[in-house]
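The sequence and structure come first, and the description follows.

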Amino acid sequence: MDRRVLITIAKDEIAPRFDMATEALLMTITESGDIMRRKSFLLARASGDELCDLALSRDIGTIVCGAIEDEYYHYLRLKRIEIIDFVAGPLDEVLPRLTVNTLHEGDILYPRFGELA
Amino acid sequence: MVKRLEELIGADCPNIPALLDGLPMGVALLDGEGHVLMLNKALEALTGFSRDEVRGLPCQHVLHSRACVHNCPHRAEKLPDTGIETDCINRHRRKIPVRITPVRVVDGKNNPVCILDVVEDLTTLRELEARLSQTSGPGQIIGRGQAMEKLLRLVPVIAQHDAPVLITGETGTGKDLLAESIHKASPRSREPFVRFSCGPMPSEMLDAELFGRAIDGSEEIKPGRFQQAQGGSLYLSEIADLPPAQQARLVRFLDEGTIAPVGATRPTRVAARLMLSSTESPEKLVRDGRLREDLFHRISAIRLHLPRLKDRGEDLGFLLHHFLNHYAARFKKSIIGISPDALSLVCAHDFPGNVRELKNIMEFAVMVCTGDTILVEHLPGHLPGLRDAGPTPRTQAGRKSPRKNG
């Protein structure tokens, strides 16, 4: 079954905070892991409420974001939306994992301190 | 630079992590690019991340603060002298108010070594501020002592019900204000709040005042207080002053929800919440035969007692300054405080008139005060102990005391 996913982003990375994100990427991922539709949304202002409304109005099934306040988290979970939060990393690293269902809450996808060199 | 820091933080020099761990506030050690080198224990506890987990991460993905997105201090050319008050979301999804103070660490040759982000948890401070700003309860009633806080916490709960409320307390303790607070916090707040003092009055006139009167020769009713309070709340003060016949009518209203206007042929249904007050103990009133027992049992389901001002502990000082500021603003005076002599005189008073008396004293004092501090000579002359009080230095030379003048 196709999955509709919303990712809160800042430039080409996951936005550190859900309620401070002004950009969101909406996409549909097919059962076979292909990204079918991909659409960017620019919000006029950072607002957790508006992001929730956007997710509900677009029938989103999964949200990928950075830190999210428990109030939004529980509200979205109540609306049966899966939340993969505290994800940190560039979109290029996040998307492949998302399409093969290996992206998990708390995944840090930046190269680490020891790996910089 | 990273290598030097590694040396500092590493095994060769273990003092730095130990030093940072010993600090009571959170500290993040960042490189010049804003990547996390180390978190101290306090910041681990605050963020919910372990230092190993986040080493090398961009700091905004560790602190998750509002400032990281909007107003990142590291991007500014000059770091702010004072901290930035913001909030962060920790690993447990809890939003925490914090103050972040970035400090640029340089070596002896002024070369940048690293950045320290000092993160203070402001939760306790914010809670304290919120508590202080809640000193004004719903409506006008104020207080922050334990007794009043307990009472004010009950107001929103009681407000949601329709049961009658009996408020007791000495004169000047705020019974009327408490009743109004309950009404304002209730779903009836948009409907009228009608108060009526059950003073001595001919029985028939009292009936008409309370329950309304049929206009001669017609079905029309001249509304009484009950009809005026339709949908809202009716507050009757000094219930013991109500004659037994009217008390019996209240019992009927509480049982059936109807009243019988004077001269009317049929009862009228009224959907008002009844609140009553008494300065005396209701049990004593029943014993003395001044309050019907059946009425007492119906109105005593919710009983609230307002303590005397003398029993309200820290409230005395708080209310004193509250009224001082209130009247100073109202009379447009720049009064900043009260002298220690005047304060101890006021605090030594018994306040038989309770908060109302304190309010009147402060109104008078602010009114006659011409300087920036309320002195003994500005207090009203009737205050006991005032004559024994010694002379008080004046704030401005040559100022005359209104009290001494007249």
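Does A:R80 count as buried or exposed? At 76% relative accessibility, A:R80 counts as exposed; buried means under 20% relative accessible area, exposed over 50%, and partly exposed in between, with a 1.4 Å probe and protein chains only.

This is a predicted model, in which local features need pLDDT of at least 70, side-chain atom pairs count only at pLDDT 80 or more, and totals for chains, interfaces and linings use all residues. Residues are numbered from 1 along each chain as its sequence is written, chains are lettered from A and ligands numbered from 1 in the order in which they are written, and side-chain values use heavy atoms, with hydrogens and water left out.

**Chain A**

Chain A has 3 helices and 6 strands; these are DSSP runs numbered from the N terminus, with helices being H or I of at least four residues and strands E of at least two. Along the sequence they follow the pattern β-β-β-β-α-β-α-β-α. The mean pLDDT of chain A is 90, and 95% of the residues score at least 70; pLDDT is the predictor's confidence in each residue, from 0 to 100. Confidence in chain A is lowest in strand β4 (residues 35–42), at a mean of 89, and highest in β5(A), at 96.

Helix α2 of chain A spans residues 70–78, and A:Y72, A:Y73 and A:L76 are buried in it. Seen down the axis of α2(A), the buried residues fall within an arc of 100°, so they line one face of the helix; the arc is that of the directions from the helix axis to the C-beta atoms. An α-helix has 3.6 residues a turn, so residues three or four places apart point the same way. On the other side of α2(A), A:E71, A:H74 and A:L78 are exposed. The cover over the buried residues of α2(A) includes α1 (48–57), β5 (62–64) and β6 (82–84) of chain A.

A:R80 lies in the loop between α2 and β6 of chain A. Its phi is near 65°, a positive value in a residue other than glycine. A:K11 also has a positive phi, near 55°, and is likewise a residue other than glycine. A:K11 sits in the loop between β1 (3–10) and β2 (13–14) of chain A, and at 75% relative accessibility A:K11 counts as exposed.

**Chain B**

Chain B has 18 helices and 16 strands. The totals for the two chains are set out below, with accessible areas from the Shrake-Rupley method with a 1.4 Å probe; for residues, only the protein chains shown count as cover. Contact means heavy atoms within 4.5 Å.

| Item | Chain A | Chain B |
|---|---|---|
| Buried residues | 52% of 117 residues in chain A | 46% of 406 residues in chain B |
| Contacts at least 6 apart in sequence that join residues at least 24 apart | 45% in chain A | 59% in chain B |
| Accessible surface | about 6000 Å² in chain A | about 20400 Å² in chain B |
| Surface from carbon and sulfur atoms | 46% in chain A | 52% in chain B |

B:T123 lies in helix α7 (residues 123–133) of chain B and is buried, with a relative accessible area of 17%. The side chain of B:T123 makes a polar contact with the side chain of B:D121 at 2.4 Å. A polar contact is a pair of N or O atoms within 3.5 Å; within protein, one must be able to donate a hydrogen and the other to accept it, and residues adjacent in sequence count only if both atoms are side-chain atoms. Leaving aside neighbours within four places in sequence, B:T123 is in contact with B:I96 and B:P97.

B:T101 is in strand β4 (residues 95–106) of chain B and is buried, with a relative accessible area of 17%. Not counting residues up to four places away in sequence, B:T101 touches B:G83, B:L116, B:D117, B:V118 and B:E120.

B:G48 is in the loop between α3 (41–47) and α4 (51–54) of chain B and counts as partly exposed at 29% relative accessibility. The C-alpha atoms of B:G48 and B:I89 are separated by 9.6 Å, and these residues are 41 apart along the chain.

**Cysteines**

The structure holds 0 disulfides over all chains; a disulfide is a pair of cysteine sulfur atoms within 2.5 Å. The sulfur of B:C59 is 5.5 Å from the closest cysteine sulfur, in B:C68, which is too far for a bond. B:C59 is buried, with a relative accessible area of 8%. B:C198 is buried, with a relative accessible area of 1%.
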